[in-house]
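I opened the model to look up a few local features. My notes follow in the order I took them.

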Amino acid sequence: MALYKTLTINAATKVFIWKIEESLDELKQGISLTKNSEQRLADMKSEIHQKGFLSIRHLLKEVGLTDTDLHYDEFGKPKLTNGRFISITHSFGFTGIIFSYESEVGIDIEKQREKILKIAHKFTPIEEYKTIANVDALISKLTIVWGAKESLYKIYGKKKLLFLHHIYIEDFKFADEKTIGDIRYNGEETSYEIQFLEFEGFTCVYAY
């Protein structure tokens, strides 16, 4: 099985990334699904979505959890019991989770693609990045910003946040591999640590 990367953030929080290289039959081995999850899997039209769904269940095993431990609230946010927190992501051939005993967490994996240049104005003041002349570097930076905002959106867990107006990411250098993100909504402001890494044309960003 293809556990790709494990990152220890602190004693209470870890990130696990899976590279999907198995067949569906291989991914079905060694895990058990609830009746509801079996139905969800059967209803999925795309094989890559089915593989992503199953690989997440293998990642749950890495922290001693099973499919029965995971449920979703009315907004679709994944939840655990007993003071544990989780966030889940899937992009093409990679899936990931961030798990914590300590606090709310969020994670996002994105494929680095040129199309982000066309939608950047919808989620960040693009003027801030006009000094980046190299297109690849701009795609990389915007993908990190998108992933950071997506991670914070997942932490908030409700549908009312706007990426452009309610979620702010401090500028950063690639070498830092970290920044700060703020959720500013309804007169309240909450700050989170953001970390990021790149691999095989993908970007993983996580917040805690």
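**Strand pairing.** I started with strand β7, which pairs with strand β11 (residues 202–207) in the antiparallel sense, over six bridges. I note that this is a predicted model. In this pairing, I found G106 opposite A207 of β11. I then checked how covered β7 (residues 106–111) is, and five of its six residues are buried.

**Aromatic rings.** I counted twelve aromatic pairs. I picked out the pair of Y156 and Y185, which is edge-to-face, with 5.8 Å centre to centre and 80° between the planes. Y156 belongs to helix α5 and Y185 to strand β9, so this contact ties together parts that are 29 residues apart in sequence. Are the two residues buried or exposed? Y156 has a relative accessible area of 26%, so I put it down as partly exposed. Y185 counts as buried because its relative accessibility is 17%, and the cut-off for buried is under 20%. I also listed one aromatic cluster, made up of Y4, F92, F94, F199 and F202.

**Charges over rings.** I looked up two lysines. K111 has its charged end over the ring of F92, 5.7 Å from the ring centre. F92 is also one of the residues in the aromatic cluster. For K141, I found the charged end over the ring of F174, at 6.0 Å from its centre.

**Positive phi.** Which loop holds N186? I located N186 in the loop between β9 (178–185) and β10 (188–199). Its phi is positive, about 55°, although N186 is not a glycine. N186 is exposed, at 66% relative accessibility. E200 sits in the loop between β10 and β11. At 46% relative accessibility, I recorded E200 as partly exposed.

**Largest pocket.** I noted a volume of about 610 Å³ for the largest pocket. Its lining has 28 residues, and Y72, I88, T89, H90 and K154 are the closest to the pocket centre. Which elements each supply at least two lining residues? I wrote down α3 (47–62), β5 (85–91) and α5 (135–156). I sorted the lining by class and got twelve nonpolar, nine polar and seven charged residues.

How values were computed. Residues numbered from 1 in each chain as written. Predicted model: local features only at pLDDT ≥ 70, side-chain atom pairs only at ≥ 80, totals over all residues. Heavy atoms only, no water. Buried < 20%, exposed > 50% of the residue type's maximum accessible area, 1.4 Å probe, protein only. Helix = DSSP H or I, 4+ residues; strand = E, 2+ residues; numbered from the N terminus. Pairing = 2+ DSSP bridges. 1 Å grid on protein atoms, 1.4 Å probe; cavity = no way out; pocket = protein on both sides within 12 Å on 5 of 7 lines; lining within 4 Å. Points joined across faces, edges and corners; volume = space filled by probe spheres on them. Nonpolar A, V, L, I, M, F, W, Y, C, P; charged D, E, K, R; others polar. Phe/Tyr/Trp six-rings, centres within 6.5 Å; stacked < 30°, edge-to-face > 60°. Lys NZ or Arg CZ within 6 Å of the ring centre and 35° of its normal.
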